[in-house]
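Subject: Handing over the model, with notes

Hi there,

Here is the structure I promised you. Please open it beside this email, and I'll walk you through what turned up.

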Amino acid sequence: MTQTSHTFQTEVTQLLQLMIHSLYSEREIFLRELVSNASDACDKLRFKALTDHALLAGDEDLKVKVRADTEAGTLTIEDNGIGLTEADAIEHLGTIAKSGTKEFVAGLQDAQKTDVAGMIGQFGVGFYSAFMVADKIVVESRAAGASSDDGVRWESTGDGSYNTESIARPQRGTTITLHLKDDAKEFADGWRLRSLVKKYSDYVGYPIMLPKQPTGDEEKDKAAEGELEQVNSGQALWTRPRADITDEQYKEFYQGACHQWDDPATRIHVNVEGTLEFTLLLFIPSQKPMDLFNGTKSRGLSLYVKRVFIMDDCEELLPEYLRFVRGVVDSDDLPLNVSREILQENAVVTKLRQQITKRVLDHLKKLATSEDDEERKLFATIEDQFGAVLREGLVNDMANKDAIQPLVRYRSTWTETQEPPEDAPALKTSITDYIERMPEGQEKIYYVSAASLAAAKASPHLEGFVKKGYEVLYLVDPVDEWVASNLGEIEGKQLASVAKGAAELGDDDDTKKALEEKQEGYKDFLGFCQESLGDGIKEVRLTARLTDSPCCLVADEGGMSTNMEEMMRRFGQDVPTQSRILELNPEHPLVQSLQQRHGSDSEGLGDYIAVLRDQALLAEGARIADPAAFAKKITAIMTSAVS
Ligand code: ADP
């Protein structure tokens, strides 16, 4: 048979380098990854066999066998699942499909000094993790349905290339042989393997068979030589009673079956009976994946029908804004031959999705409003990681608006003044709590939207509100402006941007009157400003919104904020620049001096006004149209100030 040599995709080579030189202390997880792949292969075959029973071809008992040869220093993991063709082997064992993994490798390249061990622990790096313990790996496989001379051998020492060749293989499925590194021979020990399988793979729904261990009775042991026995309990975890499952077992399931790397923050395990019968075993991760916003939008639930695996990433079972939830849905009501097409228009699926959504939202609410500090802390962690995703629901799922709204949390001018919580994410407030703190006279819920927390905190628009004792929410995630405009009213209170419309602060009679009086004296100056600024500014007016800053830019009541405008551009939308209103603070000495200067000597005044406008843009974290001209004007102003 001829061998063909292939080079790994660059990312794989990098990943392998990492694995080979890894000093990761928990490298034993490689076994979990390989057993999990073997179990997935059995799942895939069982599913395919639903419509093509012949694929099982006299070998119906799907199982995984783990055997070691201490003398040869090898460990084999064997399954009679779906198997691989040569093309599959090249595609799956030579490239990386998962976007997160690619980003992981990219991240490592940027930061050579990154904590490699930590990163391996954080990513399920699947098959390739076996190179942590093996210096050579041989995969032999035959796809279900292929003939016995149509097998494949894949072989690599992990050094940038691998070989494949066509082989004869009597049985279906995959055998993976690891040639253990000298410092990894411990993984050929029978007891060690048993305990690892128990620890990491007990939940696997197929028997995991290991050699019987010696009992000490020589005769018996001799007779039993080579015999295998089942080591895991072999019952899909979600079908077991909750009381029989330990936290540790749940965690192993989460990491092994759901291919996660962190600890689950919380779980929902329910068996629902009634018009719709199903079991849910859902987890909410404690850390967000790298591709939560920019990668696939796939949703992390696997669908089973009556314990038979149907598909991974079943989008129909969750709305997109809950895409961070992981786990399994096992339905008794769907037909076994359900396909993606059927799922899309199936009434049972629609009901399932509603129920799953409700249960996740209810569970989150329970944590958020719990009497138990630990549960509230858990909620804070989940909110910190996934709050911005969850809030997409306020825009996309109006039916559940009332269930999502109580889960919304923001930092605010108030939370920043509080003692920061210990080992928990920064303090945030719910809108209900905000409303409770509203002083008399405050009618609306105020927010500032900006591209970052720092920009929000530095926003000049806050000044007058803070002085008046009004709390302002910091909306700093891209989704939040949409959320704010969609939320409308909460508990009868309207949400209002501090950077839009005429400042409400001028609403009380005294302030209003004082402004109006000043307006008279400033009339000519304001007209001059507007003229010299030209098109981009549609009005120049006085404001009570500011205390320390001389000026700020605001949008019309219904207009788009600078932040929103920038964001739309970032998403590739072609938005015309909105013309804004420049507001001046008549209490500020600079504004007062400029106004006086206008009366006597207007020379160069236009430049001052342009600089004022530009720094108002800078102050809110936006870009200025002509930075070079701005710099030039500043230089001129400074020169005349110091000369
Ligand atoms: P993941 O399992 O997360 O997709 P892996 O690197 O562990 O990533 O595996 C890559 C792919 O190789 C799998 O998705 C699967 O298609 C294939 N594969 C791995 N192990 C087996 C196996 N035992 N039987 C059949 N296919 C396998």
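Let me start with a term used below: a pocket here is an open set of points on a 1 Å grid over the protein atoms alone, with protein on both sides within 12 Å along at least five of seven lines, and its lining residues have an atom within 4 Å of a point. Please keep in mind throughout that this is a predicted model.

**The chain as a whole**

The protein chain has 643 residues, and buried residues make up 49% of them. Its secondary structure comes to 22 helices and 23 strands. Along the principal axes, the C-alpha trace spans about 110 × 60 × 45 Å. If we take contacts between residues at least 6 apart in sequence, 70% of them join residues at least 24 apart.

I'd look at helix 11 first. It covers residues 373-390 and has a kink of about 55° centred on Asp-384. Its end C-alpha atoms are only 22 Å apart, whereas a straight helix of 18 residues would span 26 Å.

The pocket has a volume of about 550 Å³ and is lined by 27 residues. Which of them lie nearest its centre? They are Arg-376, Phe-379, Ala-380, Arg-409 and Lys-428. Helix 10, helix 11, strand 16 (429-430) and helix 14 (431-437) each supply at least two residues of the lining.

Is His-269 buried or exposed? Its relative accessible area is 8%, under the 20% cut-off, so His-269 counts as buried. The side chain of His-269 reaches the backbone oxygen of Trp-238 at 3.0 Å and makes a polar contact of 2.6 Å with the side chain of Tyr-250. Leaving aside neighbours within four places in sequence, His-269 is in contact with several residues, among them Leu-237, Arg-240, Arg-242, Ile-245 and Thr-279.

Tyr-250 takes us to helix 8, where it is one of the buried residues, together with Glu-252, Phe-253, Tyr-254, Gln-255 and Gly-256. The elements covering them include helix 2 (29-49), helix 6 (190-201), strand 10, strand 11 and strand 14 (326-331). After helix 8 comes His-259, with a positive phi near 55°.

**Val-231**

In the loop between strand 9 (228-230) and helix 8 (247-257) you'll find Val-231. Val-231 has 11% relative accessibility, which means that this residue counts as buried. Not counting residues up to four places away in sequence, Val-231 touches Arg-194, Val-197, Lys-198, Asp-202, Ile-208 and Leu-210.

**A few other spots to check**

- Arg-541 is in strand 21 (residues 537-542). At 14% relative accessibility, Arg-541 is another residue that counts as buried, and its side chain is joined to that of Glu-583 by a polar contact of 2.8 Å.
- Arg-307 is not a glycine, yet has a positive phi of about 75°. Arg-307 sits in the loop between strand 12 (300-305) and strand 13 (308-311) and counts as partly exposed, at 38% relative accessibility.
- Glu-491 is not a glycine either, and has a positive phi of about 45°. Its place is the loop between strand 19 (489-490) and strand 20 (493-497).

Note on methods
Residues numbered from 1 in each chain as written. Predicted model: local features only at pLDDT ≥ 70, side-chain atom pairs only at ≥ 80, totals over all residues. Heavy atoms only, no water. Helix = DSSP H or I, 4+ residues; strand = E, 2+ residues; numbered from the N terminus. Expected span 1.5 Å × (residues − 1). Bend = angle between axes of the 7 residues up to and from the residue. 1 Å grid on protein atoms, 1.4 Å probe; cavity = no way out; pocket = protein on both sides within 12 Å on 5 of 7 lines; lining within 4 Å. Points joined across faces, edges and corners; volume = space filled by probe spheres on them. Buried < 20%, exposed > 50% of the residue type's maximum accessible area, 1.4 Å probe, protein only. Polar contact = N/O pair within 3.5 Å; in protein donor to acceptor, adjacent residues only side chain to side chain. Contact = heavy atoms within 4.5 Å.
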